[in-house]
Amino acid sequence: MQPFALNYARPAAESEVTAPYAYDTGLQLNVLSDGRIAAHDHALLREFGTTTSTAGSKTHFDD
């Protein structure tokens, strides 16, 4: 028997946008190339809306 959800599940669409931040496993936060925490950059948050991490669940935010 196949679970009901598998009849309707679809892979997540890949984003074509490259974020200017990366996940830091030590801090467990997204950081900019200069080492600053991405969630503290207000201009970045206005442009992207969030700094969603791709390290785990896409519902977790670094704010």
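A salt bridge is a side-chain nitrogen of Lys or Arg lying within 4 Å of a carboxyl oxygen of Asp or Glu. With that in mind, the predicted model can be explored through its salt bridges, of which the structure holds two.

Both can be followed from Arg36. Another brings together the side chains of Arg36 and Asp41, at an N to O distance of 3.6 Å. How do the partners sit relative to the surface? Arg36 counts as partly exposed because its relative accessibility is 43%, a value between the 20% and 50% cut-offs. Asp41 counts as buried because its relative accessibility is 16%, which is under the 20% limit.

Stepping back to the fold, the chain contains one helix and two strands, arranged along the sequence in the pattern β-β-α. Of the 63 residues in the chain, 17% are buried. The chain exposes about 5400 Å², and carbon and sulfur atoms supply 54% of this area. Among contacts with a separation of 6 or more, 26% are made by residues 24 or more positions apart.

The average pLDDT of the chain is 75, and 68% of the residues score at least 70. Among the elements, strand S2 (residues 29-32) has the highest mean pLDDT, 90, whereas helix H1 (residues 42-48) has the lowest, 84.

Conventions: Residues are numbered from 1 along each chain as its sequence is written. This is a predicted model: local features need pLDDT of at least 70, side-chain atom pairs count only at pLDDT 80 or more; totals for chains, interfaces and linings use all residues. Side-chain values use heavy atoms; hydrogens and water are left out. Helices (H or I, at least four residues) and strands (E, at least two) are DSSP runs, numbered from the N terminus. Buried means under 20% relative accessible area, exposed over 50%, partly exposed in between (1.4 Å probe, protein chains only). Contact means heavy atoms within 4.5 Å. Accessible areas come from the Shrake-Rupley method with a 1.4 Å probe; for residues, only the protein chains shown count as cover. pLDDT is the predictor's confidence in each residue, from 0 to 100.
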